[in-house]
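I opened the model and kept notes as I went. The entries follow in the order I looked things up.

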Amino acid sequence: MTKIKSLFISLVLTLGVSIAIAGSHGSTHDLVKERGKLMCGSNTGLAGFGAPNDAGVWEGIDVDVCRAVAAAVFGDASKVEYVPTTSKVRFTVLQSGEIDMLSRNTTWTLSRDVDLGLEFVGVNYYDGQGFMVNKSLGVSSAMELDGASVCIQVGTTTEMNLADFFKANGMSYESVPVETNSEADAAYTAGRCDVYTTDASGLYASRAGYPDPSAHVVLPEIVSKEPLGPAVRHGDSEWADIVRWSLNAMIIGEELGITSANVDEMKSSKNPEVLRLLGVDAGYGAMLGLSDDWAYNILSQVGNYSESFEKHIGPNTPINIQRGLNALYKDGGILYAPPFR
Amino acid sequence: MQTNFFRKIIFDEKSRSLLIQTLVIGLFALFIYLITQQTAYNLEKRGISSGFDFLHISAGYDISIRLIPFTSEDTHLRAYFVGLLNTLMIAVCGCFLATIIGFLVGIIRLSSNWLFRNIAYVYVEFTRNVPVLVQIILYYSILLNLPKIKQAIVIFDNFYLTNRGFFSPSPIFKDGFSIVAWSLVIAIIFAFFLKRFLKKKQEESGKQYPTFMINSAIIIFTPIIFYYIMGMPLEFDSPVLKGFNFKGGMVIRPEFLGMLFGLSIYTAAFISETVRSGIISVSKGQREASQALGLKSNFIMRLIIIPQALRVIIPPLTSQYLNLTKNSSLGIAIGYADLVHGFGGISLNQTGRAIEIMMMVMLTYLTISLTISFFMNLYNKSVQFKGNA
């Protein structure tokens, strides 16, 4: 029913956008403060990135960005209401103002940034599209997939990458379109398709949930750039700045070695950048329209980027992803935040 | 003079109602105009581009279930036609199957056999009262649990049943096959005129002819004779398991079958009720009178009861056809690439043109529905009482 419902919602929302007289002149920041909670668009459920845990509390590295923004705005990371969005309705939900920000493994592309009226504020996970197959097929490279049936989630950049990859390599395939991650899992495990393709992170997350994860292998080829990051509506730069720097604060926190455990000790650090970040040197919060301890709240309640990564998707979790590209620039990755000054 | 004019408009019933109707239509037009303007304004303000230019850029995705060739380099407009044809295909096949099942079940429900009657009753009550979406997903799940591709069930050597679809040999038409096809067309036309001729003769002489048998023989044997005369210009390309999938042949995908079963089994239950009520509506005296004339029981059904029942059956049957066609948009639930799934879903997401695309999809469904209504109304007219009676 969700598909029909989501389609319906997208239609109603688009019509709603048109009917609603352009009255929302107030800035998103004011609106969020007035409401007392942050409305954050999340995945409908992708383990490690954004999914409710056994107790019904949302968890994941995408969810942590929402929590960081709530910590920055309210000083309380729990003041978030999560709105699960399918890949299909996510942009409409954001455009219509139902959510304040979207943090839901969404690829930053030119057309989405420019044409859809969105503003991507950064990258919280550098991903790329991969292929997963059953080990019993004996396939070791994506170049051997000629003639395969491929399960693919609709409404994503993945479809186009898939079409391009097979065309470029002169191979044919049968596309089996599915609506959500869980349907893809069902179709793939039933053998409706040989291959499941989506962002490699999603493949690892799915695999962790299979009865026998070791029976499936993610092929080495990564066929696309998928920088995943949070997005806000275009045209409200103050709000975009808050979300951007909430994410940056987590990355800078890791760079400076500030964790949720040592954040109080670090307040007496001698490093001027640490002092600026934690608000000991006053003034930086006010520039964003926030209190001076905004980044302190993020780091103490949510933790730095590394903590978030290790807790939700790192090698010690069932998802089991190495830092790879997502290591800091000084550790061999490409994660890099502008200086805090 | 002027006061007279206004007085006339206000106090004369005809011109007053004309005035009010004009006002209402004017207000409605204004409302539509304002909404359109506001939409355009809001879209522009939010930096969302609009327009129909996107129809001519390449779609960038592939569609597996298709009746016309389509690659990722084709335009969104072509993706629209691929989806439209898939919608029409499922609608036509679904209505056809639903009508057959519906008529059979409707007649069986009036049967004197207790077991048959009650099986039909259970079928109708069960399918009618479970949402069609649930049924579609159920049938699809069952189809997904068929054997995997490597363990395909083999039927008559060349047919394979798997959870990726039903694979069968595909015909390859060689030179001269068109003559066989034409011979079939001519045989059908000939049979049609023969039927009229024999019927006229029967009306004149009262002698009965086995028209159905003769015509069946003509229609079946003419193309077969021509097939051998032309040197059997037909070959079959059998599917062969190569690598991941079967190569060659034809395939019916489980997504299509799931939709077909779900839609037609569900709609057939409603049609059977329509048929049953149509048959009951024919007065008992008609049956008794025909029995008194000594007609055989299947003649009574075919010549007396059904033609009269059709008058009652056709209008609700039309609305069942419309329902089935509109319900075909549920294909989105199991990945059947219909209009809503492909063009209304994937293209929408790639281009972000929600309003334009949904407008196109809505107008398309409207057109299909009105066309069905139009033809069913024509048919309805042809089965109603003729003359002044």
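This is a predicted model: local features need pLDDT of at least 70, side-chain atom pairs count only at pLDDT 80 or more; totals for chains, interfaces and linings use all residues.

**Entry: domains of chain A.** I looked up the domain assignment. Chain A has domain 1 (2-126 + 228-331) and domain 2 (129-224). I took the centres over C-alpha atoms and got a separation of 28 Å. Then I asked how many residues of domain 1 of chain A are in contact with domain 2 of chain A. The count is 18 residues of domain 1, in contact with 14 residues of domain 2. I sorted the domain 1 side by class: 7 nonpolar, 9 polar and 2 charged residues.

**Entry: N320(A).** I checked backbone torsions next. Most residues other than glycine have a negative phi. N320(A) has a positive phi, near 60 degrees. I located N320(A) in the segment after α14 (305-312) of chain A. Buried or partly exposed? I counted 15 C-beta neighbours inside 10 Å, so N320(A) is partly exposed. The buried class would need 20 or more, and the exposed class 12 or fewer.

**Entry: chain A against chain B.** I turned to the interface. Here 40 residues of chain A are in contact with 39 residues of chain B. Which elements of chain A supply at least two residues each? I found α1 (2-19), α4 (90-95), β9 (148-153), α6 (157-168) and β10 (173-178). The largest share comes from α1(A), with 9 residues. By class, the chain A side divides into 18 nonpolar, 13 polar and 9 charged residues.

**Entry: domains of chain B.** Chain B is assigned domain 1 (2-45), domain 2 (76-169 + 253-383) and domain 3 (170-237). The C-alpha centres of domain 2 and domain 3 of chain B are 29 Å apart.

**Entry: a helix pair in chain B.** I picked α10 (residues 297-327) and α12 (residues 354-383) of chain B. Their axes lie 10 Å apart, at an angle of about 175 degrees. That makes α10(B) roughly antiparallel to α12(B), because an angle over 145 degrees counts as such. I listed the contact residues. From α10(B) they include P307(B), L310(B), I314(B) and L322(B). From α12(B) they include Y365(B), I368(B), I372(B) and V383(B). I classed the residues of this contact as 12 nonpolar, 5 polar and 2 charged.

Methods:
Residues are numbered from 1 along each chain as its sequence is written. Chains are lettered from A and ligands numbered from 1 in the order in which they are written. Domain bounds come from an automatic or database domain assignment. Axes are lines fitted to C-alpha atoms, for helices over the stretch in contact, and angles run from 0 to 180 degrees between N-to-C directions. Helices (H or I, at least four residues) and strands (E, at least two) are DSSP runs, numbered from the N terminus. Angles under 35 degrees count as roughly parallel, over 145 as roughly antiparallel, 65 to 115 as roughly perpendicular and the rest as oblique. Two residues are in contact if their C-beta atoms, placed from the backbone, lie within 7 Å. Ala, Val, Leu, Ile, Met, Phe, Trp, Tyr, Cys and Pro count as nonpolar, Asp, Glu, Lys and Arg as charged, and the others, Gly among them, as polar.
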